[in-house]
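This report describes one protein chain for a reader who has not seen it before. Please look over the sequence and the model first.

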Amino acid sequence: MKFKRSVNAVFLDPDGSETIVCEKGKKLDIILSPKLYWIKKMAIPVSGVREVKKLLSSIFEDSLPPGHYSYYAYKSGDEFILFAYEDKKILDLLLSKGISSADIASVRFAQTEFVSLVGAARINDKESIYLKDSILIIAPSTWLEESQALDLREIKLSKHSIKLQQFGHLVDNKSLYKLGRVLVAFALVLIVEIFVISAKHDVIEQNRENLFSKYKLQATMIQNRSTHKRYTKIYKTQTKLREIIAVFLTMPLKEKQKITLLEYKNKKILVRIKGVKKGNETTLLSKLNAKKLKYKTSFKDDTIKVEVSL
């Protein structure tokens with residue numbers, strides 16, 4: 001099937017080897033091979049095609065490989081014929097065959113254009129199409145006893161056609177509308193915020209100056225944050241120091257035991273407790289362990305020296 005064609009109707013198949021030529025002043029009616037769309041035939045309890053189209057993405061959800069799809073549907077008797085297709089995939093194939101959007105009059109499904117096909121018709125060197133239960137099927141030509149060349153010269157086109165979306169693979173219409181509404185709402189909120197902030201700017205600035213003056217704060221927020229950080233660190237250290245000292249002052253000392261030294265130096269608390277023999281310090285140090293404090297101990301005669309790091 002390697003020949004040139006310049007008629008209006010052309011069959012687009014990913015494995016077709018024919019060359020498509022668009023004559024000057026003419027546009028092409030593209031008929032899509034079943035390889036370029038997914039199809040379902042279903043009886044759906046809705047009143048019309050408009051209601052069905054709202055359900056198409058859900059109907060095909062579990063049947064399609066990952067991708068960005070558009071949908072089409074029409075009613076045939078008591079059932080609906082449903083289609084899913086990838087705009088980008090079709091557009092890329094057309095472009096690879098030298099066909100631009102300016103050359104296209106319409107795009108159609110083979111299913112809608114060959115509803116009266118008798119027998120089988122070859123669509124490329126190896127495959128043919130035929131009808132089974134009113135659905136167009138592709139099969140290897142060798143499986144079929146009689147398969148004739150596909151003839152489009154006398155074809156009468158149906159009323160069913162689709163418009164390929166140049167950017168449909170980027171964002172679907174539904175999502176685009178939602179995004180647009182969100183952006184408009186966000187812009188309105190932003191405009192209101194700008195007016196509110198602008199109106200209150202002088203009041204906020206005056207309050208800031210009054211606050212700085214009242215509490216004798218430094219000139220800039222950087223200086224004030226630095227001061228706050230320094231005093232916060234001092235506060236934490238002092239709080240920790242008081243907690244540790246309280247631990248030592250509430251230790252269960254025995255009658256002959258007493259604290260002979262309690263001092264803070266180089267971020268360490270040094271404590272000496274007299275009357276404690278090595279090996280008998282466990283009970284005495286239980287409070288330090290309970291507080292999970294880091295400390296070191298050493299002994300000299302009957303005195304224990306405890307060093308706690310902050």
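## Terms and source

Contact means heavy atoms within 4.5 Å. Helices (H or I, at least four residues) and strands (E, at least two) are DSSP runs, numbered from the N terminus. Axes are lines fitted to C-alpha atoms, for helices over the stretch in contact, and angles run from 0 to 180 degrees between N-to-C directions.

The model is predicted: local features need pLDDT of at least 70, side-chain atom pairs count only at pLDDT 80 or more, and totals for chains, interfaces and linings use all residues. Residues are numbered from 1 along each chain as its sequence is written, and side-chain values use heavy atoms, with hydrogens and water left out.

## Overall form

The protein has seven helices and 16 strands. Its C-alpha trace spans about 120 × 60 × 40 Å along the principal axes. The radius of gyration is taken over C-alpha atoms, and the globule rule is 2.2 Å times the number of residues to the power 0.38. For a compact globule of 310 residues this would be near 19 Å, whereas the protein has 42 Å.

Buried means under 20% relative accessible area, exposed over 50%, and partly exposed in between (1.4 Å probe, protein chains only). Of the 310 residues, 31% count as buried. Among contacts between residues at least 6 apart in sequence, 54% join residues at least 24 apart.

Strand 4 (28-32) is mostly covered, with five of its five residues buried. Leu28, Ile30 and Leu32 point one way from strand 4, while Asp29 and Ile31 point the other way.

Two strands pair if DSSP finds at least two bridges between them. Strand 4 pairs with strand 2 in the parallel sense over four bridges, and Leu32 is the bridge partner of Leu12. Strand 4 also runs parallel to strand 8, joined by five bridges; here Ile30 stands opposite Val107.

## Helix 3

Which residues of helix 3 are buried? In this helix, residues 87-96, they are Asp87, Ile90, Leu91, Leu93 and Leu94. Seen down the helix axis, these buried residues fall within an arc of 160°, so they line one face of helix 3. The arc is that of the directions from the helix axis to the C-beta atoms. An α-helix has 3.6 residues a turn, so residues three or four places apart point the same way.

The cover over the buried residues of helix 3 includes strand 2 (9-12), strand 4, strand 6 (70-76), strand 7 (79-85) and strand 8 (104-109). On the other side of the helix, Leu95 and Ser96 are exposed. Gly98 follows helix 3 and has a positive phi, near 80°.

## Nonpolar cores

A nonpolar core is a set of buried Ala, Val, Leu, Ile, Met, Phe, Trp, Tyr and Cys residues joined through side-chain atoms within 4.5 Å. The largest such core has 35 residues, and Ile30, Leu32 and Phe114 have the most contacts inside it. Strand 2, strand 4, strand 6, strand 7, helix 3, strand 8 and strand 11 (135-140) each give two or more residues to this core. Another core lies apart from it, with 16 residues, among them Ile244, Met251, Leu285 and Val306.

Leaving aside neighbours within four places in sequence, Phe114 is in contact with residues including Phe11, Ile31, Leu136 and Ile155.

An open sheet of four strands has the order 13-14-16-15, with antiparallel pairing. Its edge strands, strand 13 (258-265) and strand 15 (295-300), each pair on one side only. Neighbouring strands are turned by 15° against each other on average, direction ignored.

Helix 6 (residues 221-249) lies across strand 13, strand 14 and strand 16, and runs at about 170° to strand 13. Asn224 is in helix 6 and counts as buried at 14% relative accessibility. Beyond its neighbours within four places in sequence, Asn224 is in contact with Phe212, Leu217 and Gln218.

## Two loop residues with positive phi

Most residues other than glycine have a negative phi. Asp133 has a positive phi, near 55°. Asp133 is in the loop between strand 10 (127-132) and strand 11, and is exposed, with a relative accessible area of 60%.

Asn266 also has a positive phi, near 55°. The loop between strand 13 and strand 14 holds Asn266, which is exposed at a relative accessible area of 64%.
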